[in-house]
Every structure is written in structure tokens, then in C-alpha cells.
Amino acid sequence: MACAPSMDRLERLNAWLAEVLPEHRLRLEPASSDASFRRYFRVRSDGDTWIVMDAPPEKEACEPFVRVAGLLAQAGVHVPAILAQDTAQGFLLLSDLGTQTYLDILDDRNADALFRDAVEALLKWQRATRPGVLPPYDAVLLKREMELFSTWYVGRHLGVALAPRQREALEALFRLLVDSARAQPQVYVHRDYMPRNLMLSEPNPGVLDFQDAVEGPITYDLVSLFRDAFVSWPEERVLDWTIRYWEKARRAGLPVEADFSAFYRAFEWMGLQRHLKVLGIFARLHYRDGKPQYLADTPRFMGYARAVAQRYRELAPLARLLDELEGRELRAGYSF
């Protein structure tokens, strides 16, 4: 289980809040936590509320959050306002964007409207791109992320040592996916643009958890939104939403492929890179960090990965490898 902040750290947090909100009698309650060492508390005083971030500086830096929050706000995206900060101690006081995430409320009836708002915010973010401002989502990082699948999901979770043939096939696949990602137009990428990090708010959505933003492939945030870690949608609905994004992106002047089929292939291959990464991350969270709740969602990502691998001939080696790892017979069903 994840560890709660130490009493000493909570005492320091309360002392800092008393300094920045001296006119209020404050009450703290847990707001949320994430897969890192950051913790969030909701601060209440009469009818007012704020959010305070506790990011132990030896584990997490506040500066990227502050910097990216400024970029998003300048782009017209709704993010928490930073009301006070002490980056040396790792404390930020933020405006409160509410209590309901997209993940809390998404269903078949409201998904179209909520995702429409999310896409509009994403387009603002992408249109604000200026080269050289954010770190690049380069080939080294893309490959390192996928190697988490080999190390933590295959090696640690499944307990499988890949044969040389299997290792070579996986390395070739990694090269394909890296080349596809790097060939895409490069824009600002939130990197966790998913329903869990979008808040129902006015204006909608409020965007959270953006501190790891980079400059990278244009399809990355879109696939994070539609092929989520915690909720799945029928393929035809994902296709429809993706077409709608592509049409809006073209009208907005973003450099998406002129041919939608090429764009969708890039979207799917980008998704596969992310699916493999997340399988590795979720296994690492369980075995290294003592956060077992994430492992329950690995079958969803394995399903995503298998579906994409079976649709493209170039990805057939991955389909075979997944069948070997799970003891299934190969069922080829290429679409492209």
C-alpha cells in the first residue's frame, strides 16, 4: 500500500498553510493521490476550498508543474491557478476545480459531449506549440518506456525470460513504433490526457497532472483520451471520435495527415507504444512501489495491444509473441 505522508511533513504543511491563509480556520482532507509520490489535500474553511499539493522535494519537483501550468493557461486551457508556492518544501496552493473527474461520470449518454470539450481543450494546447520549449519525446525516451514492458510485465509479472528470437522480434517492433511516433508532427503533449485527469468544471474540462508534458507525437494525447487505462469504448465509437478530432484539427491548421487512414494508423501505433509502456508501469507499481490496485487493469491494456497487433501485418510478430506469452493459438485477422 502507498505510504501516507509523515506526521512531520503534515505538520510542516499545516504550518505553511497557516502562513499563506492566515485569516482562515483550515481543515484538511485527502483529495487524491497518483502513481508518484505527490499527494493532494482539499483545504476547507467555511465555504471556501483550495487544493494543496504535497510533493516531497527529494522525490518530486514542483517546478515542472508550475511551468507547464503557465503554458496551459496561456493556451486557454483551464488548469488550477497557483495561489502560493514553496518549491523548497514542495508545497503548492492551488485553486479547486471541483470533485468530479470525467472518470467518475462518463457513460454512454454523456461521453460525446464530454469528449467534445476535451478535444477542444486539446486543440488549444496543441495549437500553442512552440518548438524547443518543452523536452522532446525523443527516440530514447520512447524506447525506454517500452522496455518497461520487457522488464516489469514480461520478466517480473509473467516470470518469463524471452528467448533470443523473441527478444529480437520485440526490438524490431520497438523500432517500428519509435519510427512511427517520430515521423508524426510534434506538438505539446500532456502525456496523461485521460478521463482520470480531466475535471468536470466551468469552463470544461479542468486539466490536471500535466507536469510531465513534452513535445511529441500529435496522436499521443488523443489515444490516451480514447483508449484509457480505466474505461474502454467500442472500436466504432473510438473511430468516430478520432475522425471528428482529425476534421477539427485540419480546420484549426494543425499538421495532421491529409489522409485519415494514415492518421488512424499512426494513432493506433502510437497507442500500442503507450499500451506496452503502461503494462510495464502497472507491473512496476505493484512489485516495486507496493501499489497493487493498478495491476487489475493490465488485461484492458493487453486487450488493446492484441487488437492493434492483429490488425496490421507489420505487427504480426507482436501478435505471435503475445500468444506465446499467454499460451494462445495465433489468430490472424489483419485489416491493413
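Q: How are helices and strands assigned here?
A: Helices (H or I, at least four residues) and strands (E, at least two) are DSSP runs, numbered from the N terminus. This is a predicted model, where local features need pLDDT of at least 70 and side-chain atom pairs count only at pLDDT 80 or more, while totals for chains, interfaces and linings use all residues. Residues are numbered from 1 along each chain as its sequence is written, and side-chain values use heavy atoms, with hydrogens and water left out.

Q: How many helices and strands, then?
A: The chain has 11 helices and nine strands.

Q: Where does Asp46 sit?
A: Asp46 is in the loop between strand S2 (39–45) and strand S3 (48–54). Its phi is positive, about 55°, although Asp46 is not a glycine.

Q: Which other residue has a positive phi although it is not a glycine?
A: Asp209, with phi of about 55°. Asp209 lies in the loop between S8 and strand S9 (214–217).

Q: Asp209, buried or exposed?
A: Buried, with a relative accessible area of 14%. Asp46 is exposed, at 81%. The cut-offs are under 20% relative accessible area for buried, over 50% for exposed and partly exposed in between, using a 1.4 Å probe and protein chains only.

Q: Changing topic: what joins Glu202 and Pro203?
A: A cis peptide bond, with omega about 0°. Pro203 is in the loop between strand S7 (198–199) and strand S8 (206–207).

Q: And what about the bond from Asn204 to Pro205?
A: That peptide bond is cis, with omega near -5°. Pro205 lies in the loop between S7 and S8. For context, most peptide bonds are trans.

Q: What box do the C-alpha atoms fill?
A: Roughly 65 × 50 × 40 Å, taken along the principal axes.

Q: How much of the chain counts as buried?
A: Of the 336 residues, 50%.

Q: What about contacts between residues at least 6 apart in sequence?
A: Of those, 69% join residues at least 24 apart. Contact means heavy atoms within 4.5 Å.
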